[in-house]
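Student: Could we go through the aromatic contacts of this model together?
Tutor: Gladly, let's look at it first.

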Amino acid sequence: MTIMETRKHGDAADGMVGGRFSRLDGKLKTTGGATYALEQPVKNLVHAVLVQSTIAAGRVVAVDAGKAKAAPGVLSVFTPEDDLGLLVASDWFGNRPDNQPFHPLPREVSFNGQAIAAVVAETLEQATEAAKLVKVSYEETQPVTGLDDPNAGEGRLVDMLSVGWGDAEAAYAAADIRIEAEYRTPREYHVPIEPHGLTVKWEGDFLTVWEPSQWTHGMARTYAEWFNIPADNVRIVSPFIGGGFGSKAMGYTYSAVAAAAARKLGRPVKLAVTRPQTFTAYGGRAATRQTIRIGATKDGVLQAIVHRGASETSVLADFPEQTGAATPLLYAVPNLSTQHRLVPVNTVTPGALRAPGKNPSAFGLESAIEELSYAIGMDPLELRLRNYADHDYQSGKPWSTRQLREALTVGAEVFGWSKRSHEPRSMRDGRQLVGWGIGCGTFPVLKAASEALIRILGDGSVEVVSGAIDMGQGTYTILAQTAAEVLGVPAEQVDVKLGDSSLPGATVAGGSMLAGAITGAVHKAATAARDELIGLALNDSNSPFRDTGANTLVIADGRISVPRGEGPSLTLAELMSAIGRDRIETQRNTLPEGANGPEDHKRSWTTMANIEGPTAGDLSMHSWCAHFVEVKVDEDFGTVRVSRVVSAFDCGRIYNPKLAESQWRGGIIMGIGQALLEEGLIDERFGRVINNNMGDYLVPTNADIPHIQVISVGIPDHDASVLGGKGVGEVGIVGVAPAIANAVFHATGKRVRDLPITLEKLI
Amino acid sequence: MRAFTYERASSVEAAAKAAASNPEAKFIAGGTNLLDLMKLEIETPTHLIDVNDIGLDKIEPTQDGGLRIGALVRNTDLAAHETVRRDYGLLSRALLAGASGQLRNKASTAGNLLQRTRCPYFYDTNQPCNKRQPGSGCSAIGGFSRQHAVIGTSEACIATNPSDMAIAMRALDAVVETVKGDGSRRAIPIADFHRLPGDTPHIETVLEPGEMITAVVLPPPIGGRQIYRKVRDRASYAFALVSVGAVIQSNGTGRIAVGGVAHKPWRVEAAEAELPNGARAAAHVLLADARPTEENRFKVELVERTLAAVVSEARG
């Protein structure tokens, strides 16, 4: 079995890994057979409904729950008066204050839409009705509602995010060509098709939580710590997830409320966060602003980048949306300085949304690069190639693999870039202005250990078992492919069980790292299972292979036989029967020897402390992409429609082109929404999200999405992962918004530096 | 959602009578707007009278050569009707520019005329809104007003009417036929049907309590180029920032009604008289009294541009 052999990407003749398999869970999902967390049938269930604050800052003075408690079916109303008996849990890295009480329904209000009470009733309707009867009195203070609030200030410099080399200020001042501009991105939200919520049940001190989860083990740890019970007492069940995009990797305050209510009431509780409530029940992408200065020679050689950015965070916690995340990586530049500030405002703590940091960072940098191209009068493709980074200037390390030059050249060729006329407003299609733009993207390779169990059963079928999750990206499918390839069986013969914290440990489905991590574990466990099976076949007294004299066997197409075709050939079922085994089980993880004890497992599966960054070793490892976008602008109305996209990706080896392409397209579609539509509107008077529903928070419809051609130009990168892949899930959105903004400038001569590009900015 | 009782009316008269006997009752047809509003408790009827089975689902020619559209004709069926497509193309196009296929399959003609504003403050029950809670104040004034009205507004309300269909009906001089609880009937010109907000923005039409729409009548066809142009943020499934419904004759005269700018379909006959002088002239009269906010000032410009595009298309 030669899994390490390089295969041409996307070729239908590919083998198991690299083949275009459809999603194994697709039929279940499309036929309604997949049970989601809020559909879990649980007997004796009661319903919790949240009450959210209607002020942005201040204090709950009193909660009058009298009417609510008296309403039909109401079992209990939880308010800031109630001590739910919880303790603060660890952060992502496993750091935890000792015995600090956790009040998920706080008295202090720090943002509009903060959960401050919850009503539990026999039915959802009763709880919803009673929640409206809860009367809250506040003592209000003046909120800071956003980056532009006069009281927001400049924010606090985050030292650890400062990057620099050379003397950027001096080199900028001395440069022939200088550009400077400020770019802004608004609050953006995940709006997954499956809204958030959970069903929770206690049996004694054992807690089962059905909740969509990008990280079953991490969330199990959180619940265990909240309730001060052993981690093994908590089971997070999340076999199917209707999209996460970063929003389902942790337990939120409402999760704690639901679980605490269930414990107090002694009944299972379901809490469904309504769509409007999701806009403040957890954080979306923080609003950002960034100023970029670029100095270059007259012939387009970069001399300096000076980058100053800021993002908002909450007054409760720091979550930097790192505006400088992509800046040091994309181009060769001898002098660079980036800094990032955090501005606390009265918002829910922002969170990770597809390519956090890289996304707004690339919007700034890739817009600025094209601004420079016009300042110099040079084709923006040529400018990018001229400043191609042959190594990582930040770390000084060589790239592991970087096919960005290929992405740019292949993308340009397929797109037809050479037919572009550089002058703005110089291309038309009838009445409409046509514009072409480029945006490059990058996303780091993050590495983490994971664990998997392989079972070969008596009937020859194979089970892959892991607590890793599939939120639509295709984990089920690629793990079946991986096991099938190692074990020489058809993929249909492999069953994959995922999404349960009681199963072997796995890292978070975030940072585009799960596929690399979990395929490595499955590959290792499956190899061990294959070796064990072959060992038994050669040595078991009842095995027909025992006397063949062979010193190894091969498994292919579900049959085990002697190499070169001499001797017996058995199906796996026949062999298992012959040797009298009903199962072979191997559990393996990818932790290093010597660091593979229980504490290492806990640290690796339930925290992010052991995750290795892109430059942890001798190399610098990243995924790359180049987007080529065509827009058509109806100048009468200022309306922009994206009419064509060609994007070329270097994500290393692609395990399943059909699924990878789907993720890339999904990222590009999200990027189109970000560029043209999406914006959380915050009423400055109340710090309240006004468009907190899918009628007013616009995401693209089918009619907004043109043909999107995606191309893989990657080569296997075995430094990045066991099977040679790099991250696929997030890089696709990075660079889309600037490509569109650049195309809009090319079409109209108008540079829009604050997203989204709505029509009034163009008329 | 509040508890409510429900009955399925068997005839027009029975429905009207049932409504007359209960001031807390509402008619329900497609429910595409009402049910959402009930879930949010913005509408809290104690009784629903289902009017889906009272025979108002026909489209028939009138004696004078016009068209009578039953109140319960679905938007999809109306848009696809052969006579509508041939003689009242504006109506068909306006309908198809609105909502989604699924919603149009359910939404009724009368319900479309009665759909309520999409002002986000109307929907957010934690915020004051004179339309939702008379006298509580208008949050949109001084708040987010990009989507809001630029003309015909009041100190009490700057909401818009979100209907695409109503713009076409206004340009086509439709007449709304109704029945009251006492069995009396009346015909209301569409121009008089929707009200400006004034100081009673919660009263959106001239319908009296319990009065039911039975049909919308279109006068005989007037020919001309019939164009509906809707400008919106995304390509589909979004309300108009500005829309223009127009019937332009070959001599340059015509009718124009504008959506997305007012509490009702906005049509000014004096502006139409300026049409032969060009879109700019017509737009100036049409929006002469506009009082936009900082955030929706662009709509004034957008109306002129949209109108110009429509006039140009009609000439082309």
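Tutor: A definition to begin: buried means under 20% relative accessible area, exposed over 50% and partly exposed in between, with a 1.4 Å probe and protein chains only. This is a predicted model, where local features need pLDDT of at least 70, side-chain atom pairs count only at pLDDT 80 or more, and totals for chains, interfaces and linings use all residues. Residues are numbered from 1 along each chain as its sequence is written, chains are lettered from A and ligands numbered from 1 in the order written, and side-chain values use heavy atoms, without hydrogens and water.

Student: Is F649(A) buried or exposed?
Tutor: The relative accessibility of F649(A) is 0%. The cut-off for buried is under 20%, so F649(A) counts as buried.

Student: How many aromatic pairs are there over all chains?
Tutor: Rings of Phe, Tyr and Trp (its six-membered ring) pair if their centres lie within 6.5 Å; planes under 30 degrees apart are stacked, over 60 edge-to-face, the rest tilted. Searching the whole structure gives 22.

Student: What kind of pair do F649(A) and W664(A) form?
Tutor: Their centres are 4.3 Å apart, with 0° between the planes. Planes under 30 degrees apart count as stacked, so this pair is stacked.

Student: Which residue lies over the face of Y388(A)?
Tutor: A charge sits over a ring if NZ of Lys or CZ of Arg is within 6 Å of the ring centre and within 35 degrees of the ring normal. At 4.7 Å from the ring centre of Y388(A) lies R402(A).
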